[in-house]
Amino acid sequence: MLAPFGALGRHADLTRELVLRDILGRYRGATFGLLWSLLGPLLMLVIYTVAFGQILGSRWNQASNAEAPFGVVLFLGIMVHGFFAECLARSPRLMIDNSNYVKRVVFPLHILPWTVMLSASFHLVANVIVFALLAKILAGTFSPYIVLVPVVMLPLALLAVAVGWVASSLGVYLRDLSQAIPVIVTALLFLSSAIVPVEALSEKYQLVFQLNPLTFFIDQVREVALWGRPPDWIGLAWRGVASVVVLYAAYAWFRATSRGFADVL
């Protein structure tokens, strides 16, 4: 029953080494190294705030009449989308790019999507840290509920692993999948509340946005990190259960399809 979570248990040491290699490899050769994990989000947050919150004068009005510069609100939305988009975009070629692991019978291939998700989580944490440090200055607010961001994101993290298993296995047999994923990633951004509040849309479009799995998590991250309100615990519980169910189904799919990876690659 715990097999899908083997990356965090039996293979925890291997997973940690792969995640560290992935993170450090991204900044290898850069003068500032890992410092870019903080500098990058910092520069983006400043750009969004200046461009949208100051120059364009955009404001984000909530039902409670709370306001914040659009750049700050946009940053949180893109932060959540970026986390899931990184996991999704890398998945189709995950087995292809690691074909040397595929050909080793003893290597636990199912931990690879976990490493991608945990690497993306590192950058998500960096984004949250930057936001927490500057929210008071740029938005005039600081929410103590920001510590609940990992709890809010947990169901989405499990869903990202599940999607990684399905997409990485399909990517072995359907090489065109890697060309279609960027379109899906873009659709997930523009058909979510990352840029436009769902309440501002007409009813016929609201359903489309609400069916996007990212919309709920983007809204909840804003609730706890920006608006200073507790999350929707019931909604989180339901999505947590759904993510676990999808996770086990995706793991079963991956195990069944992985038998042919070595032959195809």
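This is a predicted model: local features need pLDDT of at least 70, side-chain atom pairs count only at pLDDT 80 or more; totals for chains, interfaces and linings use all residues.

Biologist: OK, what do the side chains of Arg90 and Glu86 do?

Modeller: They meet in a salt bridge, at 3.7 Å from N to O.

Biologist: And is Glu86 buried or exposed?

Modeller: Glu86 is buried, with a relative accessible area of 16%; the cut-off for buried is under 20%. Arg90 has 28%, so it counts as partly exposed.

Biologist: Which residues are linked with Glu86 and Arg90 in a network?

Modeller: Asp22 and Arg26 join Glu86 and Arg90 there, linked by salt bridges.

Biologist: How many salt bridges does the structure hold?

Modeller: There are six of them. One of the others pairs Asp13 with Arg16, with the closest N and O atoms 2.9 Å apart.

Biologist: How far apart along helix 1 are Asp13 and Arg16?

Modeller: Three residues, so about one helical turn separates them in helix 1, which covers residues 12-26. Asp13 counts as exposed because its relative accessibility is 51%, and the cut-off for exposed is over 50%. Arg16 is partly exposed, at 43%.

Biologist: Nice. What about Arg229 and Glu223, how do their side chains meet?

Modeller: In a salt bridge too, with 2.7 Å from N to O. Glu223 is buried, with a relative accessible area of 18%, while Arg229 is partly exposed at 26%.

Biologist: Switching to packing now. At what angle do the axes of helix 3 and helix 7 cross?

Modeller: Roughly 20°, and the axes come within 9 Å. Here helix 3 is residues 70-90 and helix 7 is residues 149-173. The two helices are therefore roughly parallel to each other, since angles under 35 degrees count that way.

Biologist: Is that crossing left-handed or right-handed?

Modeller: Helix 3 passes helix 7 in a right-handed crossing.

Biologist: And which residues of the two helices meet?

Modeller: Helix 3 brings Val80, Phe83, Phe84, Cys87 and Leu88. From helix 7 come Met153, Leu156, Ala157, Leu159, Ala160 and Val163. By class, that contact has eleven nonpolar residues, with no polar and no charged ones.

Biologist: How does helix 3 pack with helix 8?

Modeller: Their axes are 10 Å apart, at an angle of about 160°, with helix 8 running over residues 177-190. Helix 3 and helix 8 are therefore roughly antiparallel to each other, and their crossing is right-handed.

Biologist: Which residues make that contact?

Modeller: On helix 3 you have Ile78, His81, Phe84, Ala85, Leu88 and Ala89, and on helix 8 Ile181, Ile184, Val185, Leu188 and Leu189. They divide into ten nonpolar residues, one polar and no charged.

Biologist: Which hand is the crossing, left-handed or right-handed?

Modeller: Helix 7 passes helix 11 in a left-handed crossing.

Biologist: And how many nonpolar, polar and charged residues are in that contact?

Modeller: The contact of helix 7 with helix 11 has 20 nonpolar residues, five polar and one charged.

Note on methods:
Residues are numbered from 1 along each chain as its sequence is written. Side-chain values use heavy atoms; hydrogens and water are left out. Axes are lines fitted to C-alpha atoms, for helices over the stretch in contact, and angles run from 0 to 180 degrees between N-to-C directions. Helices (H or I, at least four residues) and strands (E, at least two) are DSSP runs, numbered from the N terminus. Angles under 35 degrees count as roughly parallel, over 145 as roughly antiparallel, 65 to 115 as roughly perpendicular and the rest as oblique. A crossing is left-handed if the near helix is turned anticlockwise from the far one by less than a right angle, and right-handed if clockwise. Contact means heavy atoms within 4.5 Å. Ala, Val, Leu, Ile, Met, Phe, Trp, Tyr, Cys and Pro count as nonpolar, Asp, Glu, Lys and Arg as charged, and the others, Gly among them, as polar. A salt bridge is a side-chain nitrogen of Lys or Arg within 4 Å of a carboxyl oxygen of Asp or Glu. Buried means under 20% relative accessible area, exposed over 50%, partly exposed in between (1.4 Å probe, protein chains only).
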